[in-house]
Amino acid sequence: MPFCRTKCSFCNFASGVFSRALFDRYVGQVCAEIDAANDTARELGGQLDRRVDSIYLGGGTPSVLAPDQLRRLLQAARENFEVEPTTEITVECAPGTISGEVIDALLGCGVNRVSLGVQSFVDKESASVGRLHTRAITLDDIARLRSRGISNISIDLIAGLPHQTEESWQLSLGDTLASGVPHVSVYMLEVDEDSRLGTELLAGGSRYHAHFVPDDDRTADLYLAACERLEQGGVQQYEISNFARPVTHGIGLHDSKHNLKYWTRQPYLGFGVDAHSMLVAGDDLHAAGIVAVRFATPDSLEGYSAANGVAARAEQLLASRTLVDTQAALEESFFLGLRLNRGVSLAALKAQFGEAAIDGYHTVIADLIQDGLLEHDGDRLRLTSRGRLLSNEVFARFLREETIHHRDTEAQRSS
Ligand code: SF4
């Protein structure tokens, strides 16, 4: 979803402030894309399982859509897929955009989880990056969602916002814990140099508070402080950026069922601007040693909207397609699975990819353990807390030079 109320100064996602007149056309295009999912999957060489157990409406700010537009999108998903009764249906919302009508629409569509882009409970910090909400608005939204029966709420926080100090960060963490929400995501501010804040950091200026952005070391300290405080408050870290409370009277956590699919390499289909998909390869590609296909829509509203009709959309997706062979799938299993605190089971990887393939990583794993970035936990391999801070360096070590993510051009060459 590329629409937002305001553009946050640090953000370089495919989102922005657009005229409401564009919303309806866009919703129509996404619904058409959902209707064509079966044909598209076949065209892309993937297998489509029509049973769905998680739906996530995110990117941008979906709650700026009119209630009827939200209904059309979720209805299209229900009409084209078998949505299981226990499906986790999440919608990302910005505090201050959740009117009574929006909550009615969410409930009417079976939405049972809301992810709130809070970023900070300190008003000066949220305002400094262009957010329009205040602490009072956020707390009121949480109370209203709960009073209407949506208590599965996730709060996003950002460590490293302009003006953030150790003390003010503790205020945000304290409010988050006091709110009792079952899920929290904590991201370290990454300033893309093409964002307005990034440009100001490079070129100077005072409009976007660039002078007040904590440096990388302080941001890392803020992140570590969040891990510690949330853990003490009973919200357990289960992934580099994600934390959840245990399920009451049950087993497990209030983790994001949807995001777990990405980290455990289960298939998913994305629709709309900059939407990514991964499907298990169909028989023909499988026979050629390909285990999965990844593809994505264009990352701008203009590029996405340029495709008129099913064939044009399929052509766009085909141009983005990456064919994943066994070696690439193994690498993905490492660098996605290691994001989780439980890490990866080496025995399970050996069963899936063969003993020799895993043994090929023996030296890399030993070196990373030696460097204090990885550790064994029985049969499992996982990041240490230092490894979580330097995760990108760890993941890069699992990518081998000879790996070939077969691009379509290569596939064409060999066919
Ligand atoms: S609300 Fe999210 S997507 Fe929209 S501008 Fe802000 S950070 Fe970017």
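## Around S391

In this predicted model, S391 touches I240 and L383, leaving aside residues up to four places away in sequence; contact means heavy atoms within 4.5 Å. S391 is found in helix α19 (residues 391-397), where a helix is a DSSP run of H or I with at least four residues, numbered from the N terminus. Is S391 buried or exposed? S391 is buried, with a relative accessible area of 8%, as buried means under 20%, exposed over 50% and partly exposed in between (1.4 Å probe, protein chains only).

## Around the ligand

Let's turn to the ligand. The residues around the ligand include C4, K7, F10 and R131, where being near requires a heavy atom within 4 Å. By class, this shell has 5 nonpolar, 4 polar and 2 charged residues. Ala, Val, Leu, Ile, Met, Phe, Trp, Tyr, Cys and Pro count as nonpolar, Asp, Glu, Lys and Arg as charged, and the others, Gly among them, as polar.

## How confident is the model?

The mean pLDDT of the protein chain is 92, and 96% of its residues reach 70 or more; pLDDT is the predictor's confidence in each residue, from 0 to 100. Over residues 404-415, the pLDDT is below 50, and this stretch has 19 contacts in the model beyond near neighbours in sequence.

## Reading the numbers

Residues are numbered from 1 along each chain as its sequence is written, and side-chain values use heavy atoms, without hydrogens and water. Local features need pLDDT of at least 70 and side-chain atom pairs count only at pLDDT 80 or more, while totals for chains, interfaces and linings use all residues.

Terms used: Helix = DSSP H or I, 4+ residues; strand = E, 2+ residues; numbered from the N terminus.
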